[in-house]
Amino acid sequence: AIDIAKLRAESGLVTIDPGFKNTGSTESAITFLDGEKGILRYRGYSIEELAEKSTFLEVSYLLINGELPTAKELENFKSKITHHTLIHEDIKSILDGFPSNAHPMGVLSSLVSSLTAFYPESLDPNRSAEGVNLSILRILAKLPTMAAWAYKNEIGHPVNYPDNRLDYCSNFLKMMFALPTDDYKVDPVVASALDKLLILHADHEQNCSTSTVRLVGSSHASLYASISGGINALWGPLHGGANQAVIEMLEAIQADGGDVKKYMAKAKDKDDPFRLMGFGHRVYKNFDPRAKIIKKAADDVLAKLGINDPILEIAKGLEEVALSDPYFIERKLYPNVDFYSGIIYRAIGIPTSMFTVMFAIGRLPGWIAQWKEMRENGEPIGRPRQIYTGANLRPFVPMEKR
Ligand code: ACO
């Protein structure tokens, strides 16, 4: 029999912390988060103030460079991003190779990874700060184009090229929704709602996808390879995929007669794998400050667009029941950012399969800032330890004796 205690003793001093519930992986000066008090700040600025007063590109600059830009710095940053919005025509052939039912997250991570081939200089781990900055501008500029093209692939429509007269969000919306057959005009209410959502998603310290970006980058893999890894980590339903899962859940509840209590019972039943999507958070144990902002934004956007979405009523019903239910109270489970974001995405016409892609566009500046910080701090390669619990040394068994 294997002597686990002996093996453990022989492994030396290793702490085991599955899911890193109590293990810090780095020091960071980017995002401050207090889960007990529900505080979130980027570079010292509160999320509430940034969501109200800033724009997504300004927040991107702040996260990546550490300070708010002057008017001139911001103009310069924006104009450089606009300059790089086009993507190489050969990326279209890569896109054409995907089946039309490919999930846009898989398409997006592949297209981002392909940038390493189009910009091989990005692979040089010792490139100049200027070179790194160029890679950063390129990915910020190209991700919305690639995201909109992934969607066009999904619906079998021709892709739209960027319109650089438009701002970041309007340009994305036009690439998503304009058809050769009509005259698409971006609704400023929609563009501004999207901008706010992106700000709220822009960074969240060492979450699963960000830790992935840092871990991939710690081997000195390129920015594009690291971001592609982050997109894949974000895809899962326990992380960024939750926003898609929330709407699917709300639709299922609606189709099933709208009985909120029935689904609450399922969520509490330990023999049922069902979880209330959009509830709970590893760090926020009081409330998620982003959820508060988003809930209000959802009400505003729906009112401005004159939309009456029954799904929103189901969401509010679930929240009300959950907030007074001992199961949820004891476990400190509150609605997270994704509980309401899907409702706004739906209201502004973003299809469900693109929800997690929207999250990726929002989280991009955070991933970049974290990757850059890790490289600038000269952090070592990430390489966790383990405690081996497998078989002890044993002789090889020839095939005829097995
Ligand atoms: N519904 C029902 N029960 C839940 C839920 C939920 N959404 N979330 C947690 N619980 C329960 C667990 O079953 C567990 O109960 P137990 O102590 O009786 O075993 C307890 O609450 C603690 O949950 P853990 O899974 O241990 O908490 P953890 O910190 O590992 O997970 C997570 C956090 C993944 C967010 C979890 O709450 C969850 O699965 N939520 C639903 C998915 C979701 O909304 N993800 C988005 C997160 S935010 C983001 O990525 C932007």
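**Helix α10**

I began with helix α10 (residues 208-217): eight of its ten residues are buried, so the helix is largely enclosed by the rest of the structure. I am working from a predicted model. I listed the buried residues of α10 as Ser209, Thr210, Thr212, Val213, Arg214, Leu215, Val216 and Gly217. I then asked which helices the buried residues of α10 pack against. I found α11 (223-235) and α18 (355-376).

**Annotated positions**

I looked up "active site" in the UniProt record, an unreviewed entry, which lists His281 and Asp338. I checked their spacing: they are spread over 58 residues of sequence, yet they cluster in space, with a largest C-alpha distance of 10.5 Å.

I took His281 next and placed it in the loop between α13 (260-268) and α14 (289-305). Is His281 buried or exposed? I noted 22 C-beta neighbours inside 10 Å; the threshold for buried is 20 or more, so His281 counts as buried. Setting aside neighbours within four places in sequence, I have His281 in contact with Asp288 and Asn336.

I located Asp338 in helix α17 (residues 337-347). I noted 28 C-beta neighbours inside 10 Å for Asp338, so this residue also counts as buried. With neighbours within four places in sequence left out, I have Asp338 in contact with Ala242, Asn243, Val246 and Gly278.

Ala242 was already in my notes as a contact of Asp338.

**Sheet**

Three of them form an open sheet in the order β1-β2-β3, with antiparallel pairing. I noted that β1 (31-34) and β3 (45-46) stand at the edges with a single partner strand each, so one side of each has no neighbour in the sheet. For the pairing of β1 with strand β2 (residues 39-42), I recorded four bridges in the antiparallel sense. Which residue in β2 is the bridge partner of Phe32? I found Arg41 there.

Key. Residues numbered from 1 in each chain as written. Predicted model: local features only at pLDDT ≥ 70, side-chain atom pairs only at ≥ 80, totals over all residues. Pairing = 2+ DSSP bridges. Helix = DSSP H or I, 4+ residues; strand = E, 2+ residues; numbered from the N terminus. Buried ≥ 20, exposed ≤ 12 C-beta atoms within 10 Å, placed from the backbone. Contact = placed C-beta atoms within 7 Å. UniProt positions renumbered as here; feature names shortened; annotations may be inferred.
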